[in-house]
Structure formats: C-alpha cells, structure tokens
Amino acid sequence: YVFAIGVGWGAYWLLTGFGVDVGGFVAGLVSSDGIGWFWTSVFAVLALGAFGAAGLALNYFVEYWGFELARVPGEKGTLLRTRQGLFTTRTVNRDVNRMRGVRSGVSTIAVRESLLQRRLGLRTVSVMTAAGTGGYTVPDLAADESLRFADRAAPGLLGPFLRPRDADEPA
C-alpha cells in the first residue's frame, strides 16, 4: 500500500499541475449522487492493493532478473560470484578461501518451496556462509534443477541425501 500511496500522491500533484481537480472528482464519487463513501473506500483499497502488488512484482523481476550464483576461478583460488539485476546489474565476488565454514566456505544449503512454488514446479535455493549474516538466494529454480544446482554450489554437502528413489518407494 505504501508504494501505491506514494505513486498516487505523485499523480495527484502531477494532475493538479495540469489543472485537473482531483479533489472535486473524489468528492463527486463520495456524494450521495455518486457511488457513496463506502463503495468509494472499498474501490480505493482494492485499487491501491492491486497497484501495490503489481509494483512489488515489477520490482521483484527488475531486482532478481538473470540471478546467477556460481563458482569462478580467481587469482588466488575460487570465487563465489553472485550477479543479478535487469537495468542495474550487481556483481559481487567473494573469495572462498577467506570464508570460514565447511565445504569451501559454504556452511549451509536450504532448499524451500512454498505451496505456490510446489504447484508451479519451482524451488528456492539459499546458500549460507559463515562469512556474513545472511545468505545468497536463488529464487524460483525449476524443481528438477534445484538439487543439482545446490550440489554444484556446495560439492559433497548434499551428496549423502541425493540418492535415486527406488521404484517401490513412496514419493
């Protein structure tokens, strides 16, 4: 809602600058001849919510477009590289030798799927290191690729858990 209210405030001042009476338009909707204050409020909340959700979705795609988490060779060993962004690409290289933890700097791998992701066949893989407070997340990987990706990000860490399922074993 904050995103939508901010854009609405900007639109109000823009339209006012061109001589549009936004206040009079809203007052006409709220009056007894219009749709009334209740339906005006309901419409405003729904419109703000839809516009805010669309803005957040757009921001998500712009921020995480082309996300890449990879091990690349560096001058003094291996680097853990993250790259993301559509209009502004952000690339960060982390020296694996300087990270504390097991498996060349990667201490934890988390593979998550929400109900919506499960329905769409997607998973989110997070790689955590002992070098920082957060982790590096790859959102919305294909479910069949997510475990292979996690195994490549931290060789040997998931190996004992990645075994083929027997044909008579339940899913």
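This text walks through the structure above, from the whole chain down to single residues.

The model is predicted, so local features need pLDDT of at least 70 and side-chain atom pairs count only at pLDDT 80 or more, while totals for chains, interfaces and linings use all residues. Residues are numbered from 1 along each chain as its sequence is written, and side-chain values use heavy atoms, with hydrogens and water left out.

Start with the whole chain. It has 5 helices and 6 strands. Here helices (H or I, at least four residues) and strands (E, at least two) are DSSP runs, numbered from the N terminus. Along the sequence they come in the order α-α-α-β-β-β-β-α-β-β-α.

How much of the chain is buried? Of its 171 residues, 21% are. Buried means under 20% relative accessible area, exposed means over 50%, and partly exposed lies in between (1.4 Å probe, protein chains only). The accessible surface of the chain is about 12100 Å². Carbon and sulfur atoms hold 63% of that surface. These areas come from the Shrake-Rupley method with a 1.4 Å probe; for residues, only the protein chains shown count as cover.

Now consider contacts, meaning heavy atoms within 4.5 Å. Take those between residues at least 6 apart in sequence. Of these, 31% join residues at least 24 apart.

Next come two helices. Two packed helices are described by the angle between their axes and the distance between the axes. Helix H1 spans residues 2-17, and helix H3 spans residues 37-64. Their axes are 7 Å apart, and the angle is about 105°. That makes H1 roughly perpendicular to H3. The axes are lines fitted to C-alpha atoms, for helices over the stretch in contact, and angles run from 0 to 180 degrees between N-to-C directions. Under 35 degrees counts as roughly parallel, over 145 as roughly antiparallel, 65 to 115 as roughly perpendicular, and the rest as oblique.

Which residues make this contact? H1 supplies Phe3, Ala4, Ile5 and Val7. H3 supplies Leu48, Phe51, Gly52 and Gly55. By class, the contact of H1 with H3 has 6 nonpolar residues, 2 polar ones and no charged ones. Ala, Val, Leu, Ile, Met, Phe, Trp, Tyr, Cys and Pro count as nonpolar; Asp, Glu, Lys and Arg count as charged; the others, Gly among them, count as polar.

Stay in helix H3 for Ser41. Ser41 is partly exposed, at a relative accessible area of 37%. Its side chain reaches the backbone oxygen of Trp37 at 2.8 Å. Ser41 and Leu29 are 12 residues apart in sequence, and their C-alpha atoms are 10.0 Å apart in space.

Move on to the strands. Thr82 sits in strand S2 (residues 77-84). Is Thr82 buried or exposed? With 8% relative accessibility, Thr82 counts as buried. Leaving out residues up to four places away in sequence, Thr82 touches Glu68, Leu69, Arg90, Thr91, Val92, Arg94 and Tyr136.

Val92 belongs to strand S3 (residues 90-95). Val92 is partly exposed, at 22% relative accessibility. With residues up to four places away again left out, Val92 touches Leu80, Arg81 and Thr82. Leu80 and Val92 are 12 residues apart in sequence, yet 8.2 Å apart in space, C-alpha to C-alpha.

Strand S5 (residues 122-129) holds Thr124. Thr124 is buried, at 9% relative accessibility. Its side chain makes a polar contact of 2.7 Å with the side chain of Gln117. A polar contact is a pair of N or O atoms within 3.5 Å; within protein, one must be able to donate a hydrogen and the other to accept it, and residues adjacent in sequence count only if both atoms are side-chain atoms. Leu141 is 17 residues from Thr124 along the chain, and their C-alpha atoms are separated by 6.1 Å.

Asp140 lies in strand S6 (residues 135-142). Its phi is near 60°, a positive value in a residue other than glycine. Asp140 is partly exposed, at 36% relative accessibility.

End at Ser146 in helix H5 (residues 143-153). Ser146 is buried, with a relative accessible area of 0%. Its side chain and that of Arg123 form a polar contact of 3.2 Å. Not counting residues up to four places away in sequence, Ser146 touches Val111, Arg123, Val125 and Leu141.
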